[in-house]
Amino acid sequence: MPERLYTDHPELYDAIQSEWDYDRDVSFVTDALDRFNVDGERLLEIGCGTGEHTRRFVAAGFDVTAIDKYDGMLNVAREKCDADFRREALPDLTVEREFDVIVLIRGVLNHLPPQDLQPAIDAIETRLAAGGALVFDNSPLPPDGNHPALAVGTTDQGDYARISQHVATGEGRLDWRSMTVTPDGEFFVDSRLMTPFDDATIADGLDEAGLAVEAVDGYGPGDERTVFVCTQA
Ligand SMILES: C[S@@+](CC[C@H](N)C(=O)[O-])C[C@H]1O[C@@H](n2cnc3c(N)ncnc32)[C@H](O)[C@@H]1O
C-alpha cells in the first residue's frame, strides 16, 4: 500500500517530525525574499503536508494558497490555520492565480518521477508573477539505495518505531519501504517512490523554463538539502 503515512497516518507524520526546525526553513525563505528584493504577499506552497510551514507563513502575513496531493495531510493542515487549502498534485496545477512566492519544502519535488520534472517546473513557472521568487529543495537521496535503519521516538501519544530502507528500482527511482509500529501498538507497512535528482538536471530544467537561479544553498548549518532560490524575469 503506497504512501500510507500521508493517507492514513498524517497525525503520526507530525509526531515523527516534531523536532524539525520549521522556523528555520521559513526564515530562510523570508531572508531570501529580502536578499533578492522580492515584494508581494501572494504565496503558493506546494506539498504543504500537515501545514507546519503553512501556519508560519500565514502568521508572517502572507496570503497563502497551500496545495497537497493527499486529503489526509490537508485535513490536519486545515485545523492549524486559515489558508486556501486545495487538493492538487504536480505536475498539474489548476490554481489560476499568479503568486509572488512559490515554495516546495522538504523533498516535495523528489516525489515526482523523472519524466514529470520538466512539466512540473513549467507549471510552476507559469504561476510565478514577474519579479517573483521560487524556493525549493532537492533531497540528498542515496541513488543506489541503502541499508535498513531503525528509528524510535516518543510522541505525546506514546512511543513509535520505524524500520525503513531505500531500495533502488532500476528505473532511476527509489522505493522507500518502511514498517512502523504506532504509539497505539498497531503497525503499518508503507512504500513511497522517490527520485534522486541531480542538482545539474534541476538547474537545466529551471533554465529551460526561463527561471534564473540566484542562489544554491542549504536551509541552515548542517542541512544537506540543496535549496534553490530562483527569480522570474
Ligand atoms: C516530505 S512531505 C513534506 C511536507 C511539508 N512540506 C513539510 O515539510 O512538512 C512531502 C509532501 O508532498 C506531498 N506530495 C507528494 N507528491 C506530491 C505532488 N505530486 N504534488 C503535490 N504534493 C505532493 C505529500 O503528500 C507530502 O505532504
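A residue is called buried if 20 or more other C-beta atoms lie within 10 Å of its own, exposed if 12 or fewer do, and partly exposed in between, with C-beta atoms placed from the backbone. The structure is a predicted model, in which local features need pLDDT of at least 70, side-chain atom pairs count only at pLDDT 80 or more, and totals for chains, interfaces and linings use all residues. Residues are numbered from 1 along each chain as its sequence is written.

**Exercise 1. Find which residues of helix α5 are buried, and what covers them.**

Solution. Begin with the naming of elements: helices (H or I, at least four residues) and strands (E, at least two) are DSSP runs, numbered from the N terminus. Helix α5 spans residues 71–78, and its buried residues are G72, M73, L74 and A77. An α-helix has 3.6 residues a turn, so residues three or four places apart point the same way.

Next, look for the cover, where two residues are in contact if their C-beta atoms, placed from the backbone, lie within 7 Å. The cover of the buried α5 residues includes the helices α1, α2 and α4 (52–59), together with the strands β2 (63–68) and β3 (84–87). Finally, take the direction: α5 lies across β2 and β3, and runs at about 170° to β3, where axes are lines fitted to C-alpha atoms, for helices over the stretch in contact, and angles run from 0 to 180 degrees between N-to-C directions.

**Exercise 2. Describe how α4 and β2 are covered.**

Solution. In α4, 6 of the 8 residues are buried, namely E52, H53, T54, R55, R56 and F57. These residues pack against α3 (22–35), β1, β2 and α5. After α4 comes G61, which has a positive phi, near 100°. Strand β2 is likewise mostly covered, with 5 of its 6 residues buried.

**Exercise 3. Work out the strand order of the sheet of 7 strands, and follow its pairings.**

Solution. Two strands pair if DSSP finds at least two bridges between them. At its edges stand β3 and β10 (211–217), each of which pairs on one side only, and the twist from one strand to the next averages 15°.

Two pairs can then be followed within this order. Strand β1 (residues 42–46) runs parallel to β2 and is joined to it by 5 bridges. Strands β10 and β11 (residues 226–232) run antiparallel, with 6 bridges between them, and D217 has V227 in β11 as its bridge partner. Helix α6 (residues 117–127) lies across β1, β4 (99–104), β5 (128–138) and β10, at about 145° to β5.

**Exercise 4. Is R42 buried, partly exposed or exposed, and which residues does it touch?**

Solution. R42 belongs to strand β1, and stands opposite D63 in β2. Because 17 other C-beta atoms lie within 10 Å, R42 is classed as partly exposed. Leaving out residues up to four places away in sequence, R42 touches D63, R97, F99 and D100. As for V152, it is 110 residues from R42 in sequence, and their C-alpha atoms are 39 Å apart in space.

**Exercise 5. Locate the two domains and describe the side of domain 1 that touches domain 2.**

Solution. Domain bounds come from an automatic or database domain assignment, which here gives domain 1 (4–141 + 196–232) and domain 2 (149–194). Their centres, taken over C-alpha atoms, are 23 Å apart. The contact takes 14 residues from domain 1 and 12 residues from domain 2. On the side of domain 1, α1 (4–7) and α2 (10–16) each supply at least two residues, and α2 gives the most, with 3 residues.

Note on methods: Ala, Val, Leu, Ile, Met, Phe, Trp, Tyr, Cys and Pro count as nonpolar, Asp, Glu, Lys and Arg as charged, and the others, Gly among them, as polar.
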